[in-house]
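Dear colleague,

Please find the structure below, handed over for your use. The findings follow directly after it.

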Amino acid sequence: MSTTHKIAVIGGDGIGPEVVTEGLKVLDVVASRFNLSFETVTYPFGTDHWLATGGTDGGETFPKSAFEEVKANCDAILLGAIGDPRAPVGLVEHGVIMTMRLGLDLFVNLRPVKLYDRRLCPLKDKTEADVDMVIVRENTEDAYTAQPTFEHKGTPDEVASQPMRYTRKGTERVIRYAYDLARRRNKDKKLLMIDKANAVRAHDLWTRVFAEVGTEYPDIAQEHAYIDAACMWMVKNPEWFDVAVTTNLFGDIITDVGAMIQGGLGVAASGNIHPGRLSLFEPIHGSAPKYKGKNVANPVATVMAVAMMLDHLGHTEAKTHVESTVARLLREDAIKSLSAGVQSTSEIGDLIADALA
Ligand code: IPM
Ligand code: MG
């Protein structure tokens with residue numbers, strides 16, 4: 001038996017805990033099949049916990065002691081979803097998700113866009129071969145982490161701002177990661193940089209760094225698109241994409257487009273990664289509060305997040321097994337849909353677990 005990986009598990013809000021239960025069911029089966037060992041530690045963080053510990057009156061999102069414990073002891077984190085209308089917009093998201101992204105310096109948000117069954121694609125005449133790309137989203141900078149300011153709040157002269165802010169180091173490390181990935185993937189050997197340098201002049205930093213780092217990768221072709229055009233091409237010609245790198249905010253937006261062309265939020269997963277260090281894996285979808293506790297949410301995206309986690313922990317073969325098994329179940333109609341309510345959450349989890357074993 002190999003070393004035991006310690007996994008922090010945060011179900012979070014809405015359907016998060018239910019889909020995570022199925023993800024862990026899959027992890028269990030993979031562990032016995034590949035002779036791996038995992039120990040999980042569950043944390044209660046999310047809106048229920050925030051309310052139970054005081055809510056607006058000092059409620060906890062991710063207490064520092066728990067954060068330090070995870071940081072010191074765990075090899076990976078599996079997160080369900082955060083978001084609940086009972087808390088102010090963004091408060092728990094910031095307290096839990098952003099605390100981990102920033103506190104663990106998870107500078108890569110890795111979002112594969114892969115179509116497993118052509119019938120899931122809303123685009124006309126596109127096949128599995130046409131939708132197979134990875135978006136590398138910067139994950140620690142941009143408007144996401146700049147301070148918001150409000151001047152003359154509540155008056156007709158109010159001015160609100162939250163600048164897009166990029167550091168040379170932050171830009172360089174994510175671009176370098178993307179070049180390496182394009183090389184490792186060995187698909188078309190090209191890297192597309194997506195920005196908006198024609199309007200946001202600060203993106204000139206991205207333009208320069210992309211070209212400079214690119215000199216170290218003569219085997220990787222450099223491509224460029226503005227974010228508006230990139231959204232258009234992704235829908236019109238997804239086969240043009242291999243690896244793309246972009247800023248935090250644009251990456252957030254374009255990966256939702258990506259999720260749609262691979263079959264929807266029911267299948268899209270992501271890794272918040274610091275290479276070689278403790279990293280966080282989660283489905284891209286939100287907490288879908290209206291489905292909470294009903295056993296109707298589709299757990300496939302969480303299972304794919306577990307696959308990404310396996311890959312990060314060095315278990316490539318196990319990752320491939322999970323991925324190809326889910327793809328087969330989709331193609332064979334065993335998993336009938338990626339939408340909520342067609343089959344129950346636990347039924348899909350059982351199906352995948354049985355097929356993996
Ligand atoms: C995502 C989500 C988050 C983000 C939200 C919940 C803060 O949309 O992971 O893409 O914008 O990063
Ligand atoms: Mg998003």
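Which residues does I175 touch, not counting residues up to four places away in sequence? With contact taken as heavy atoms within 4.5 Å, I175 touches L191, M193, W206, V209, F210, V213 and V245.

The model is predicted, so local features need pLDDT of at least 70 and side-chain atom pairs count only at pLDDT 80 or more, whereas totals for chains, interfaces and linings use all residues. Residues are numbered from 1 along each chain as its sequence is written, chains are lettered from A and ligands numbered from 1 in the order in which they are written, and side-chain values use heavy atoms, with hydrogens and water left out.

Domains and their interface

The domain assignment, with bounds from an automatic or database source, gives domain 1 (1–107 + 274–357) and domain 2 (108–268). Their centres, taken over C-alpha atoms, are separated by 23 Å. In the interface, 23 residues of domain 1 are in contact with 25 residues of domain 2. The two domains bury about 2,200 Å² between them, 60% of it on carbon and sulfur atoms; buried area here is the accessible area (1.4 Å probe) that two parts lose on being put together, summed over both. On the side of domain 1, F107, I284 and L338 lose the most area to domain 2, together 34% of what that side buries.

Nonpolar cores

A nonpolar core is a set of buried Ala, Val, Leu, Ile, Met, Phe, Trp, Tyr and Cys residues joined through side-chain atoms within 4.5 Å. Buried means under 20% relative accessible area, exposed over 50%, and partly exposed in between (1.4 Å probe, protein chains only). The largest core holds 64 residues, of which V136, I175 and I352 touch the most other members. Helix α9 (residues 300–312) gives the most to this core, with nine residues. Another core, of 22 residues, lies apart from it and has F45, V92, M100 and L278 among its members.

The sheet

Helices (H or I, at least four residues) and strands (E, at least two) are DSSP runs, numbered from the N terminus, and two strands pair if DSSP finds at least two bridges between them. An open sheet of 10 strands has the order β2-β1-β3-β12-β11-β4-β5-β10-β8-β9, with mixed pairing. Its edge strands, β2 (37–43) and β9 (221–226), each pair on one side only.

Strand β4 (residues 108–114) pairs with β11 (residues 269–273) in the antiparallel sense over three bridges, where V108 has I273 as its bridge partner. β4 also pairs with β5 in the antiparallel sense, over seven bridges, and R111 stands opposite I135. Four bridges join β5 to the parallel strand β10 (residues 243–246), with V136 opposite V245.

All seven residues of β5 are buried. D132, V134, V136 and E138 point one way from β5, and M133, I135 and R137 the other way.

D125 is found in the loop between β4 and β5 (132–138) and is exposed, with a relative accessible area of 67%. N295 lies in the loop between β12 and α9 and is partly exposed, at 32%.

Yours sincerely
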